Amino acid sequence: MKQHLLTLLLALLVVPAQAQCTYENKAFKGSENIHYNLYFNWKFIWLKAGTASMTTTSAPYKGKQAYRTSLVTKTSKTIDRYFRMRDTIMVYFTPELTPLYYRKGAHEGKRYYVDEVWYTYPGGKCQTSLRHLTADGEVKTQKYTYDRCVSDMLNSFQRVRNLNPRGWKEGHTVHLDIAGSEKLQPAKLIYRGKKTVKADNDQKYPCLILSYVEKEDGKDKEIVRFFVTDDQRHIPVRLDLFLRFGSAKAFLSNIK
């Protein structure tokens, strides 16, 4: 028995990184198109400030079958006069949810920058090639190799949608390794319990509450709080965003 346990342990230790990155996808099949209304907090008042959309569809990547998810956020013309935001995040991943590519183009106020990550898996390892276009027009590139699976925020979220939360208690934590603009960012997802959420389509959804937390100056900082449907699809119904310049909320308005 001890010999069998040792053999199993060694097998787990040498499992290729790409194998560690695979998940069974039960959350979505084919295409998914979700629209949101965006609200900003302005002097204790919540103002409708724009829209957001998350679209997932089958799309080839370098000639192979893959999925593409795009998350687009934009402020309204009224809010543009005070703070203009045009953010587009796009990711590609395999049908088994293995990350392939990440791109974020962010136009926030007068600042514009682009982050890109390419994922490859040579020799069973996970290699990330990073490119960062700064707001000053400087291009920075880096390449890292890991023995474990790493991902970005949006690819990670699509994978988390396929986790089984049965038996989770409040405070249950899932640790994540996030590929950032220049270095690996340790992050975690914390289960906060359940809540019924009324969306902007006037429907109510029983939801799980998940906090996405990163380290900032050595301390935990909550970046986004997700309210996802308490079913197999785990559709994001509401998002609470904690921004550097304040806070925002996004409520589902339409889904196809």
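**Core and rings**

Reader: Is glutamine 127 buried or exposed?
Author: This is a predicted model. In it, glutamine 127 has 18% relative accessibility, and buried means under 20%, so glutamine 127 counts as buried.

Reader: Where is glutamine 127 placed?
Author: Glutamine 127 is in strand β7, residues 126-133.

Reader: Which side chain does its side chain make a polar contact with?
Author: That of threonine 145, at 3.2 Å. Beyond four places in sequence, the contacts of glutamine 127 include Trp118, Tyr119 and Lys143.

Reader: Tyr119, then. Which residues touch the most other members of the largest nonpolar core?
Author: Tyr119, Leu210, Phe226 and Leu252, out of 57 residues in that core. Strand β11, residues 204-216, gives the most to this core, with six residues. Another core, of six residues, lies apart from it, and Leu100 and Tyr101 are among its members.

Reader: Switching to rings. How many aromatic pairs are there?
Author: Eleven. One of them is tyrosine 67 with phenylalanine 93: the planes are at 25° and the centres 5.7 Å apart, so this pair is stacked. Tyrosine 67 is in strand β3 and phenylalanine 93 in strand β4, 26 residues apart.

Reader: What sits over the ring of phenylalanine 227?
Author: The charged end of arginine 238, 4.3 Å from the ring centre.

Methods. Residues numbered from 1 in each chain as written. Predicted model: local features only at pLDDT ≥ 70, side-chain atom pairs only at ≥ 80, totals over all residues. Heavy atoms only, no water. Core = buried A, V, L, I, M, F, W, Y, C linked by side-chain atoms within 4.5 Å. Buried < 20%, exposed > 50% of the residue type's maximum accessible area, 1.4 Å probe, protein only. Helix = DSSP H or I, 4+ residues; strand = E, 2+ residues; numbered from the N terminus. Polar contact = N/O pair within 3.5 Å; in protein donor to acceptor, adjacent residues only side chain to side chain. Contact = heavy atoms within 4.5 Å. Phe/Tyr/Trp six-rings, centres within 6.5 Å; stacked < 30°, edge-to-face > 60°. Lys NZ or Arg CZ within 6 Å of the ring centre and 35° of its normal.
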